[in-house]
Amino acid sequence: MKGATMTRVRLTVVSVVVLCLLALCMSVGGKKVSAQSAASPAAPVYNPYPPGILPSDLSSELARVLREVDGLEAEAIAQWHAIPPPVVSGQPPTFQNTGVASVEILGKLMNYDKTISPFENEACASCHMPYAGFSGPIPSVNLTMIAYPASVRYRAAKRTAQRYTYSSYFPPLQYDATQGLFFGGNFWDSRATGYLTRSPDAEQSQHPPVCPDEMASPDIACIPYKLSLRPYASLFEEIWGAGSLSTITWPADAAHVCATPEGASVFGSNTQPLALSPADRTLATNDYDHWAQSISAFEHSLSISPFTSKFDAYLAGKATLNAEEAAGYALFRGKGNCNSCHLDGRSTAPTPPPPDGTNPTGQDTGKAADVTPVFTCFGSANEGLPKNPRIALYYETTPDSFGYTPNPGGFTYTDFGLGTFLRGGFGAAPNPNSSWRQYAPTVDGQMQVATARDVAMVPPQCKSTEAPGPYFQKEFFHNGYIKSLKQLVHFYNTRDVYPFPVESGECPAGTVEKVTCWPTPEVVQNVDMTTGMLGLTDTEENQIVAFLQTLNDGYTTPYPDIGTYTGACMSGGNASTQGNSTIISAIKLRELMNQH
Amino acid sequence: MNRVHVKLLMMVAAGSLLFPNPIVAQENPYSPKAILPPEPRAAHVQITQGPELAISRGDLAIIRWTTNNPGGTDVHYGIVHYGTNPNDLSQTAKNPIHLNRNHPDTTFRVRVMGLSPQTTYYYTVESAEATGTNDGVKSSVKEFSTR
């Protein structure tokens, strides 16, 4: 106990120092004009967008997030230095006591490292900040362009930034012949299969650094090259082997190559423009796997996926759901049918209260099969979301200054999700298993069933995801069409009550989009009918929203780094029509593009 | 080292897990089962409500019906065979549904698209597991008309 007390005292001191460093970074960072380091090249601007498509505060918001990222990187460095020196023992050799801490902090250092990107202006965390449940941190982006600007400003991809939380719990992608279904993988389209690492979460972290529409390094070896220049390179070698970075002979043009973004015409089809010896190429490839494993360790840690929600406390008998939350939970499992896919880990034979069952007490009699369910079935579904014409990718039809065109097809692009991946189609990744391809038609339009945990997580000062607020504007589902949890539940409740054969922005007079009008699904095949006509009342929808808010981590212990948001909260309006002011008719948008 | 000593050592080890350095993580408490095997199939599946037209708008109609929970694979398909001639229901529409293992009943709904206006359609319904195994239920021929 004495040791534990001393440790706590020491950690309190460390925490104070870290907080001071963080505050100092943010206050100093606030005065910077540019977040780039003096040595990094200036990012050229690619702006194919018609007026009104990019949010007006985009530059200042990107700078704001970079300041927050820098602060968290400084915090991670301090936390790393607080870990005792490693003692390696045993066979196989193991970091006794500090192994888990070390690899997790290495992952954190990588996650907040903006120098990984060609223009040293984008870290992984740029699209995944803790106060948003490690999803998109810029309210105006969530409201408009959906995908986040790349290291090449303003290339952008096509989907919302998925939350990190509990992503490490997804198994490798597999086709289960008994169930006749795909399970696992990471990303909305499950393209991070984990086929080599056996961890789709780890593999996920290998995609954005070399995706041309994201961080855009032109060669996976650029990541170990950048790591070799970082102050925490010594930690990397401590964990993953002496010489794993430092013995690689980098070519003289490494800095130049790694500062040229993926997609640049100068590279042609060459995916390995860094000229390395075969031995060094192997080392670099292994390093990139270790990058992935380290980030996955961080994402799996209690810093990100801690099971500290009110619902967890409720399952443990240490908290009571209030009347609204309890009603929402009953609906989640009953009339709302939410736990068909967002599995709540309860036993399979409870008797729900009327009108769904006959239990006279109205009490949940199901036993907890898993005390800490992750609220997903690890599968995929096509929820029939309308196409969101505000997505940035539709406008990126012309080449940037590097000769790269993100989306030659413009508005003709249709997001078939898992189906596209299985075919190895545009915007996905190569499918490593040809036997899966036959199932593509049955999964067209399917996107991963995300965990419901932390869906409502917001910066503490913004209170909620819901107008009138104060609220933090998030974006929901893969294409960000939905802007509040009220809308999300209402969509599940009424998609098939108010279906209209129109595009977004074209709902008939007398209807209100997302309230009494749902435009036609982007992908009409395989629409999942588990929900869509649930018969929930307005009050019942609100009760489910209240229950979803109990799934936010941070109830039993504070969620790490949640207090780092330095932007503004929003207020006004109502949750049902939240964000509707940013809807622009899909027809008008195409006209704008033609004129642009 | 006797058993008491071993137990003491194990308790110390457990204690170090309970009071870790809070900068870093410890073991998460959850080991997911990841993929659950299918539920046992129901001995007999029968329609308890419908089939009926749930909604018709433009070229879209949604047909729904309720059965006892058929069990089996988590995903089932509702299937509608339809046509304008009651003796020729050669067109097919189907949609997936995730069964809720907790629910005694299952409501299937299927989107029938590409319909002509002011036309009467005839249909029957059935359902099947994701693997293709039929639930063994088929309705009589029903009809609906578009506007």
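Some conventions. Residues count from 1 along each chain as its sequence is written, and chains are lettered from A and ligands numbered from 1 in the order in which they are written. As the model is predicted, local features need pLDDT of at least 70 and side-chain atom pairs count only at pLDDT 80 or more, while totals for chains, interfaces and linings use all residues.

Confidence next. The model has an ipTM of 0.87 and a pTM of 0.89. Contact here is C-beta atoms, placed from the backbone, within 7 Å.

Staying with chain B, there are one helix and eight strands, taken as DSSP runs numbered from the N terminus, with helices being H or I of at least four residues and strands E of at least two. The order from the N terminus is α-β-β-β-β-β-β-β-β. Of contacts between residues at least 6 apart in sequence, 60% in chain B link residues at least 24 apart. Of its 147 residues, 33% are buried; that is 20 or more other C-beta atoms within 10 Å of the residue's own, with exposed at 12 or fewer, partly exposed in between, and C-beta atoms placed from the backbone.

Now chain A. How do H3(A) and H7(A) pack? Helix H3, residues 99-111, meets helix H7, residues 233-240, at about 140°, the axes being 10 Å apart. Axes are lines fitted to C-alpha atoms, for helices over the stretch in contact, and angles run from 0 to 180 degrees between N-to-C directions. The pair is therefore oblique: under 35 degrees is roughly parallel, over 145 roughly antiparallel, 65 to 115 roughly perpendicular, and the rest oblique. H3(A) contributes A:Ser102, A:Val103 and A:Leu106 to the contact, and H7(A) contributes A:Leu235, A:Phe236 and A:Ile239.

Helix H14 of chain A, residues 485-494, has 10 of its 10 residues buried. Its cover includes strand S8 (518-519) and helix H15 (538-549) of chain A.

Last, the core: buried Ala, Val, Leu, Ile, Met, Phe, Trp, Tyr and Cys residues joined through C-beta atoms within 7 Å. The largest has 159 residues, and A:Leu548 and B:Ile63 are among those touching the most other members. Beyond four places in sequence, A:Leu548 contacts A:Ala452, A:Val455, A:Ala456 and A:Leu485.

Note on methods: Two residues are in contact if their C-beta atoms, placed from the backbone, lie within 7 Å.
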